Structure formats: structure tokens, C-alpha cells
Amino acid sequence: MRQVTREFQQRAEEADFVAVIDDSGPHMARELLDEAARLAGALSAAAGGTVMLQADNSWRTVAATLAVGLRGGTLAVVNRHTTPHEFATAWEDIRPDAVVAEPSAMEEWAVHDLLPASAGTVLDGWKPRSASRPSDVSRWSGGVLIGLTSGSTGRPKGVVQSEEALRYATASTIGINGLSRGDAIAAIVPLSSTAAYCFGVYLALLLGGPLVLTRKWDRAVVLERMAGADVRWTMCVPTMALQMGGEAAGSRVLRRARSITVGGGPMDRGALARAERSLGTRILRVFGMSECLGHTSPGPGDPEEIRLGRDGRPFPGTDVRAITLDGRVAGPGVTGRAQVRGPSLFLGYARDGRVHPPELTADGYFPTGDLLMTHEDGTITIMGREKDVIIRGGRNIDITEIERAIAGCPRVASACVAAVPDEVLGERVALLVVTEDGRDISLPEVTGYLESAGLSKGKWPEYVYSVAELPQTKVGKLDRAGARDLAARLRDRAADPA
């Protein structure tokens, strides 16, 4: 973080400015630099090593970033809701030289058993613990940020990114969305993920304008704070965009915002179009991942069909392709396995305290695990995950196809397909639905709509459950595993109401 910290310092020396607006109010750039200097001093030599931070949506995350940048260290971000088991796993992979978190988290994670040295309090009551002799950050091969992402096995994986990658991804986003130096942006998803941190903290530091934060998701508070701070851009998951659209009630409260980038979950063009009309801004449907940050996006000037019906076009300098089953590059209109190559590609995963390079193709592409279709105009559409299937009686059913079909139902605000176990068929199809009006939706209503939409009967759900909200991960994305567990519980409850 050394480069962006140095630039932030220079701007603050020229003229102080509001750098963060959070639940406690505005915070000036020089104030954050003072807090950063105190933290760096408390960590002593360890500040130049690897610092694991409880990244919350407050000024503390920005101040800690500056502290690590001042000493040329590497920052690893974790969520306050990280379980002791998850923390222990992350510790094994990252082996940080210091941990900074609120006292209750330190106690819950038993950090005192790992780093006995403590240096009072920092960041208005938080606790730092550090090793007396830090390790060399060269073990990260130039990595400055480590963010945790859930793996297919359920074990969190530490994604290691360089400052060059963060800078490329944020500079591309600034250019695509027409942002200018000093513009205010908002971070409304948890800053403990690689993407949220990159397009929240790092992007704001690069712009040199206010970063608007809210500790907890509250659509009314978020809209009021964004409008009051004249926010020009933010990134969120689809559910957040739809909820803000409903809260705005056609007021066009974000009409001064250039755009809202939306990714990380199932998206319906019609629902997003209603949300952007209500908010008064443009919504941009994108595709990205922690391993290759934000690598596609449309522009605010693109027509609705492109902005909301597809997943954008690759950032300048990034290549995205689809590979067919026989290993050929798929042409336009043909679905294949997605692969990506570009300047924001990660350095590797954190394992045993060092970076392990990713497994790439011979020509340097990273397989994302997604199914992709390209279009003649260079835009792409993500068709789902390679493994997002339900195997019912030996037949593979694509859950994305069902979700895309049901998303067009007027009463459906959001929906998720999940497999429930079955002794005879192996798995059956269940559907979790959040309705627009809050009233329950029945199985006949759902199957009737799907029949009218042309979805074959063999793909219809056999169970439909109305829920207040879909399960989400700690960073606000759809939690597929949580959805499966919830659907199974609801099925079992219905079978045994006693």
C-alpha cells in the first residue's frame, strides 16, 4: 500500500479534506494519518511485516491501511464474524506478524495464545498484538493485500493481490464510470473481502475523496448517507440494489450518482431496471472475482440490454474467453468454460505463510469455474457455475436456468434454487423465494409461470418456500450452502410439522 499511502499523504499536506464519513461522522485525512502513525508505532517492527486486521466499515480500516502503507507491510483482512475455526485456518495459511481487532474478537480468536506481546490500545479502543521479530514480506512475492474467500471445500482461501493489480482494477473502474479526483464513493458491502476492499478503501484513497461507510446494512440509512455526501459511485450485490430501489420509491434520490456496479449473485434485467429508475442512476451488471478483480463491466452510457442483460466487456488489457469441452476457444453464441488473463490476476493463494502460485493454463489464463458465452460486440454473459447443477435421478439440472426463468415472474423479488436430498432420486429441486409484496407464493403459481415461460417440466421445482431474505455470506453474496441447508430444514419441517 506504500504508493497509494504516499499519494494520500501528499494530498493531505496540500490541503486537508474529508476522507471518511461513517457512523461516527466525518473524519479528516490528517486525522486518519495521525491515527495511522500511532498504530504503526504501537506495532513497532511488526508493522513492516504482515498485519491481520479486523476490517469493519469504519474509519479504522482506512487508518490501518495507511499504517501498513507507511511501513511497507502487507495487510490481511478478516471479518468480525469469522469463527474461531476459520480464524485458526487463516492463521495457518497467513501466519501474520500482528493482529489488530476489537478486544472481544481478540478474546474469541484466542490471539493472546498466538501473539503474547500487546501494546495498549489503538484506533479508539482496539487492541494490537504483534511479534517481536516480524517475518520478511518478500514471502508474498510483492503481495500487499490478502483477502479471504470461501473455497469449494468450505476452507477459506487467502487471495494474495499486488498493489499493481489493485491500482489497475481501480483505475479501470474510475475510467469506465467517469469518476474524477475528489469524488465521493460509498462502500456498503463488508470491507473484509478482497473486492470490497479494493473497490472501497483502495479506490477512495486513489481518488482522494470521501469514502462513505455504514457499519450495518440499513437501506434507508445507506440512501440518506449516500445522497447527503453526493456519492458518485458504489458497488453492491443485487439484493442491496433491489432493496435500495424499493426504499427509494421512485424518488430518484441517487440521481447525481454516475452509476452503481452490481455483481455477485443472480440478476434479473427487469428487476434491476425498476430499481435504477426508482433510484435515478444507472446500474451496471458486472463480472469479477477475488482472483481477478472486477474484470468486466459495461459503461453508464450503454443501452439497458447491455448494462442489465449481460455482464459487461473486459477491462482494457484483460482477456476473457470461453473454452469448449474439446479445448477450443468458443466463438460468439457458444457456451464454454470461462478463463481470464490480465493485470489484476492474483499472485496466488496464501498457504503455510507464503504465496503459492495459481494453476494457470500454458498461455497464462486462470479457469474461473464459470460458464461463459461471448457476443459479437465483445460483451459477455455468465451462464452459471460449472458445478451449479442438481442431479435428479441421474439427470443434471442447471439451477441458473431455473433462476433466470423465475426471475421474470412479476411477484418474485429474488429467488434461489437449492437441492434437497432424496432417498430415491438423490436430489430434488427446491426454490427459495422473496416476493415483491411479502406474501407467500405457492408451488402451482411458480410452476404455472415457468410453464408459460417455456421452461421444460423436468426442470420445475418440486418444493417452493417463501422466505424473508435469501441466505447471504459475510460479504453479502448469495450463500449457496446456506440455501441448501435452509431448504432442507424447511422441507423436513413441512414433512413433520410436529
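# Close-up views of a predicted model

**View 1. H375 and its partners**
The side chains of H375 and T381 are joined by a polar contact of 2.7 Å. A polar contact is a pair of N or O atoms within 3.5 Å; within protein, one atom must be able to donate a hydrogen and the other to accept it, and residues adjacent in sequence count only if both atoms are side-chain atoms. Before going further, please note that this is a predicted model, where local features need pLDDT of at least 70 and side-chain atom pairs count only at pLDDT 80 or more, while totals for chains, interfaces and linings use all residues. Residues are numbered from 1 along each chain as its sequence is written, and side-chain values use heavy atoms, with hydrogens and water left out.

To find H375, look in the loop between strand 21 (366–374) and strand 22 (380–385). Helices (H or I, at least four residues) and strands (E, at least two) are DSSP runs, numbered from the N terminus. Is H375 buried or exposed? H375 is buried because its relative accessible area is 18%, and buried means under 20%, exposed over 50% and partly exposed in between (1.4 Å probe, protein chains only). Setting aside neighbours within four places in sequence, H375 is in contact with R310, P332, I380 and T381; contact means heavy atoms within 4.5 Å.

Helix 13 spans residues 443–452, and its buried residues are V446, T447 and L450. Viewed down the axis of helix 13, these buried residues fall within an arc of 90 degrees, so they line one face of the helix. The arc is taken from the directions running from the helix axis to the C-beta atoms.

What covers the buried residues of helix 13? The cover includes helix 12 (399–406), strand 26 (426–435) and strand 27 (463–466). Look at both ends of helix 13 too: at its start, a side-chain oxygen of S442 comes to within 3.2 Å of the backbone nitrogen of E445. Just after helix 13, G454 has a positive phi of about 90 degrees.

**View 2. Aromatic rings in pairs**
Rings of Phe, Tyr and Trp (its six-membered ring) pair if their centres lie within 6.5 Å; planes under 30 degrees apart count as stacked, over 60 as edge-to-face and the rest as tilted. By this rule there are seven aromatic pairs. One of them is the edge-to-face pair of F346 and F366, 5.2 Å centre to centre with 75 degrees between the planes. This pair links distant parts of the chain, 20 residues apart: F346 is in the loop between strand 18 (335–341) and strand 19 (348–351), and F366 is in strand 21. F346 is buried, at a relative accessible area of 4%, and F366 is buried as well, at 8%.

Now turn to Y463 and Y465, a stacked pair with 6.4 Å between centres and 5 degrees between the planes. Y463 is partly exposed, with a relative accessible area of 23%, whereas Y465 is buried, at 13%.

**View 3. Arginines over rings, and a ring cluster**
F87, W91 and W109 are linked into a cluster by ring pairs. The charged end of R80 sits over the ring of W109, 6.0 Å from its centre. A charge sits over a ring if NZ of Lys or CZ of Arg is within 6 Å of the ring centre and within 35 degrees of the ring normal. Elsewhere, R321 lies over the face of Y365, 3.6 Å from the ring centre.

**View 4. R428 in strand 26**
R428 belongs to strand 26, and it counts as buried because its relative accessibility is 18%. Which side chains make polar contacts with that of R428? One is the side chain of D422, at 2.8 Å; another is that of E462, at 2.4 Å. Neighbours within four places aside, the residues in contact with R428 include I390, R392, A418 and Y463.

**View 5. L284 and its surroundings**
L284 is in strand 13 (residues 283–285) and counts as buried, at 0% relative accessibility. Leaving out neighbours within four places in sequence, the contacts of L284 include N177, S259, P298 and R307. L284 and G301 are 17 residues apart in sequence, and their C-alpha atoms are 9.9 Å apart in space.
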